[in-house]
Amino acid sequence: MLRLTEIKLPLNHPPEAIAEAAVKRLRIKPEELLSCTVFRRAHDARKKSAIHLIYSLDVEVRDEATILKHVAKAGTKGGGLIMPTPDIDYRFVTRAPDGFKNRPVVIGAGPCGLFAGLVLAQMGFCPIILDRGKVVRERTKDTWKLWRHSKLNPESNVQFGEGGAGTFSDGKLYSQIKDPRHLGRKVLTEFVKAEAPPEILTEAHPHIGTFRLVKMVENIRATIESLGGEYRFQSRVTDLDVEIDTDGARRVRGVVLENGEHIAADHVVMAIGHSSRDTFQMLYDRGVYVEAKPFSVGFRVEHPQSLIDAARFGASAGHPILGAADYKLVHHASNGRDVYSFCMCPGGTVVAATSEEGRVVTNGMSQYSRAERNANAGIVVGITPEDYPDGPLAGIAFQRKWETAAFIAGGGTYAAPAQRVGDFITGVPSTNLGSVIPSYRPGVTPTDLSSCLPDYAIVAIREALTAFGRQIRGFDMTDAVLTGVETRTSSPIRIKRNDNFQSLNTRGLFPAGEGAGYAGGILSAGVDGIKVAEAVALSLVAG
């Protein structure tokens, strides 16, 4: 087959225009085109008056060799727009020998742990998957108790439980990671097998949404169990069994659960997510190499989705192909801080995402329809270990400080502190809210957000909001709402690993995913889970 890229068509083109464009690109007769399927579809809305769809197509033709010969002669003149369709099928790196009993342990059932467990199970290694939280539906009930009744379960919430933090998000399934082996396609394909909408395979920026993710996670769990894998929920790992080899090297020999049970394992995947602070502490106390890493802090901002749609799509706002509009904004503030939009959720809600008592954390979530009245995004400021210089775990203390400040500013009831954008820019506390109704539950308290983040972050965000208003008309509207605080943008630590995906100083320990500092988002975490599963499998077979 041949892959054709950069096929541009008007937004409202008829279905037959796709094949016609392929024929035109290939300079062949219509009857010479045997098949034409869409591999990828994106849109270009830089000119609101002339929005285009951009396709990548896979086609079969009668004489592929002649076309490729002409492409070769044209060289770079053709711009690489016609090429053989790449092989993106996933192939397992090894298989477990018959009777293999050295079962690996995967800690965490978020996207990274999910795909590490799935690929290990598919290769025949029958992993044991441990998660501190509950199965996804029970976890959902606990999460709603916080949102509706201000009752937090520290072990079952937005951060902890089957599906990980990505379950309560927009369900974005795209990433900017380098992926030469097309492992992201493996992730998407498995999601479709688990009843995700098939269009996630063709949309340039696919998403799923929370309700669909719940069923998909359950289906993947059933697949893993059918292949011999074992799940154990409400099984928090509180210690790591490490011994010193005769050569002086540290090696994992098992894990200890909260109930005292010891599970023997010499291959342990740490896919614990970015909020497993007690586990980070345990690893540090056990001598596992951990270092501080940069992350970001800020607020959630909400606007009417209709405002964002009009700003991005003009007269085409509301078109069913385009859906709810998103945005991506960056500003380099005069104090040297970078401010950017993070985890933008079109037609979504701001959610309570704390995992610790006495603290307030925000995040964004959308359903598949993206049909809620508000758009929301994190507006966050990049920070580095220079801002929290007191050791590898100092970023955790930094996060806790501002989450506690937000809890106090919100009234001490898990309500979140909020402020109108107009008041925030001018430095005036909000005493009421305007036309934009905040979506955060269990509720918000109008106040002054300047006490909820460091001064340098407040200054940078104030400047950025005005700058963003020049990029998206109305972004700095007076009645837009800021809700605080957003602190869990990524892990505050990195559990460093070597080229074999093992801890730098602890053999058999495989740091993975977002919590280890090697992913950001569902897709990249799933890809990292696959890579780590492959490394575990190869190590197991090698003995």
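Two strands are taken to pair if DSSP finds at least two bridges between them. Helices (H or I, at least four residues) and strands (E, at least two) are DSSP runs, numbered from the N terminus. The model is predicted: local features need pLDDT of at least 70 and side-chain atom pairs count only at pLDDT 80 or more, while totals for chains, interfaces and linings use all residues. Residues are numbered from 1 along each chain as its sequence is written, and side-chain values use heavy atoms, with hydrogens and water left out.

Strand S19 (residues 416–420) and strand S21 (residues 481–486) run antiparallel and are joined by three bridges. Within this pairing, Gln419 stands opposite Leu482 in S21. Both strands belong to an open sheet of seven strands with mixed pairing, in the order S14-S15-S18-S13-S21-S19-S20. Strand S14 (330–332) and strand S20 (444–446) form the edges, each pairing on one side only. From one strand to the next, the twist averages 30°. Angles run from 0 to 180 degrees between N-to-C directions, and axes are lines fitted to C-alpha atoms, for helices over the stretch in contact. Helix H11 (residues 455–471) lies across S13, S14, strand S15 (338–345), strand S18 (374–383) and S21, and runs at about 125° to S14.

An open sheet of five strands has parallel pairing and the order S7-S6-S5-S11-S23. Its edge strands are S7 (230–232) and S23 (509–511), each of which pairs on one side only. The twist here averages 20° from one strand to the next. Strand S5 (residues 105–107) pairs with strand S6 (residues 128–130) in the parallel sense over three bridges, and Val106 has Ile129 of S6 as its bridge partner. Helix H12 (residues 522–542) packs on this sheet, touching strand S11 (268–270) and S23 (contact means heavy atoms within 4.5 Å), and its direction makes about 165° with that of S23.

H12 also packs against H5, at an angle of about 105° and with the axes 9 Å apart. H5 is therefore roughly perpendicular to H12 (angles under 35 degrees count as roughly parallel, over 145 as roughly antiparallel, 65 to 115 as roughly perpendicular and the rest as oblique). Residues making the contact include Leu188 and Phe191 of H5 and Val527 and Ile530 of H12. Asp528 is placed in H12 and is buried, with a relative accessible area of 4% (buried means under 20% relative accessible area, exposed over 50%, partly exposed in between; 1.4 Å probe, protein chains only). Not counting residues up to four places away in sequence, Asp528 touches Cys112, Arg497, Ala512, Gly513 and Tyr518. The charged end of Arg497 sits over the ring of Tyr518, 3.8 Å from its centre (NZ of Lys or CZ of Arg within 6 Å of the ring centre and within 35 degrees of the ring normal).

The structure holds 14 aromatic pairs. Rings of Phe, Tyr and Trp (its six-membered ring) pair if their centres lie within 6.5 Å; planes under 30 degrees apart count as stacked, over 60 as edge-to-face and the rest as tilted. Phe115 and Phe191 form an edge-to-face pair, with ring centres 5.4 Å apart and planes at 80°. Phe115 lies in helix H3 (residues 111–122) and Phe191 in helix H5 (residues 183–193), so the pair ties together parts 76 residues apart in sequence. Both Phe115 and Phe191 are buried.
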